[in-house]
Amino acid sequence: MEVLPTTGPQAEKYRNKLDQWLKSFPQWHDNFVWQPNPTPAWHKPQKPLNKCTVALITTGGIHHKDQSPFEVDAPFGDSSFRIIPSDSAPTDLVISHTHYDHFEADHDIDCMFPISHLRSLKDEGFIASVAKRFYGLNGFIPDPSKLVCETALQIRKCLLEDGVDVVFFTPGSAICQQTIGLLQNDFENAGIATISITLKPEVTLFMNVP
């Protein structure tokens with residue numbers, strides 16, 4: 001695990017990488033809006049993990065086979081989400097994201113959406129329980145305004161209804177890190193602890209997430 005520094009040479013290196021990425025983005029997408037959190041929210045967990053209810057959220061474009069696929073060609077991104085029952089079989093899930101190579105995940109959905117592993121952690125007593133609802137999004141959302149104003153609020157309401165203490169995020173593409181970072185801050189402000197895998201440390205760092 002890497003702790004992302006906020007100052008010093010390594011932080012400056014990440015800043016330069018971020019600037020290069022942001023500079024290149026308009027070359028292949030006209031509607032991208034860089035929207036970091038003004039300040040990082042942080043909710044201190046109030047109990048150990050073995051007393052926590054945990055939810056899983058992916059921006060890797062995962063949904064049930066009987067649910068409609070995401071609108072991958074929407075010019076401003078698709079900010080909708082799919083509710084995935086936590087007792088779903090991995091074989092019932094598919095990926096409609098088109099901005100990353102999901103060849104391996106197509107053969108083993110758990111490498112992108114570790115639904116089986118999270119249930120195993122519950123069986124082992126590492127966590128108290130899994131939430132009854134998990135969530136799939138298509139994280140390639142160049143303009144996150146609808147994500148912030150609508151989607152985050154809707155998912156947060158469901159998480160609070162389910163008594164979720166911790167949310168674990170998995171990304172699909174680089175821009176997923178902005179999508180995840182915005183959701184993290186919203187949930188942390190509501191008293192839900194979050195943690196995420198990152199594909200782009202420079203994006204995660206300067207999104208100002210916990």
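Trainee: How many residues does helix α1 have, and how far does α1 reach from its first C-alpha to its last?

Mentor: This is a predicted model. Helix α1 covers residues 9-24, so to speak a run of 16 residues by the DSSP assignment. From first C-alpha to last, α1 reaches 23 Å. That is close to the 22 Å expected at 1.5 Å a residue.

Trainee: Which residues of α1 are buried?

Mentor: Ala-11, Tyr-14, Leu-18 and Trp-21. They span an arc of only 80° around the axis, which places them on the same side of α1. The general idea is simple. An α-helix has 3.6 residues a turn, so residues three or four places apart point the same way.

Trainee: Which residues are exposed on the other side of α1?

Mentor: There, Pro-9, Gln-20 and Lys-23 are exposed.

Trainee: What covers the buried residues of α1?

Mentor: The cover includes α6.

Trainee: Now the pockets. How much space lies in the largest pocket?

Mentor: About 890 Å³. Its lining has 34 residues. Nearest the centre of the largest pocket lie Gln-184, Thr-194, Ile-195, Ser-196 and Pro-210.

Trainee: Which elements each supply at least two residues of that lining?

Mentor: The helices are α3 (115-123), α5 (176-189) and α6 (201-206). The strands are β7 (166-170) and β8 (193-196). β8 gives the most to the lining of the largest pocket, with four residues. Note α6 again: this helix is also part of what covers the buried residues of α1.

Trainee: How do the lining residues of the largest pocket divide by class?

Mentor: Into 23 nonpolar, eight polar and three charged.

Trainee: And how much space lies in the second largest pocket?

Mentor: About 190 Å³. Its lining counts 16 residues. Ala-105, Cys-111, Met-112, Thr-170 and Pro-171 lie nearest the centre of the second largest pocket. By class, this lining has 10 nonpolar, three polar and three charged residues.

Trainee: Which element gives the most to the lining of the second largest pocket?

Mentor: α2, with three residues. Both α2 (103-107) and β7 supply at least two. β7 also supplies at least two residues to the lining of the largest pocket.

Trainee: Where is Pro-48?

Mentor: Pro-48 sits in the loop between α1 and β1 (53-58).

Trainee: Is Pro-48 buried, partly exposed or exposed?

Mentor: Read the relative accessible area against the cut-offs. Buried means under 20%, and exposed means over 50%. Pro-48 has 47%, so Pro-48 is partly exposed.

Trainee: How far apart are the C-alpha atoms of Pro-48 and Thr-170?

Mentor: They are separated by 22 Å, and the two residues are 122 apart along the chain.

Definitions and conventions. Residues numbered from 1 in each chain as written. Predicted model: local features only at pLDDT ≥ 70, side-chain atom pairs only at ≥ 80, totals over all residues. Heavy atoms only, no water. 1 Å grid on protein atoms, 1.4 Å probe; cavity = no way out; pocket = protein on both sides within 12 Å on 5 of 7 lines; lining within 4 Å. Points joined across faces, edges and corners; volume = space filled by probe spheres on them. Nonpolar A, V, L, I, M, F, W, Y, C, P; charged D, E, K, R; others polar. Expected span 1.5 Å × (residues − 1). Buried < 20%, exposed > 50% of the residue type's maximum accessible area, 1.4 Å probe, protein only. Arc of directions from axis to C-beta. Contact = heavy atoms within 4.5 Å.
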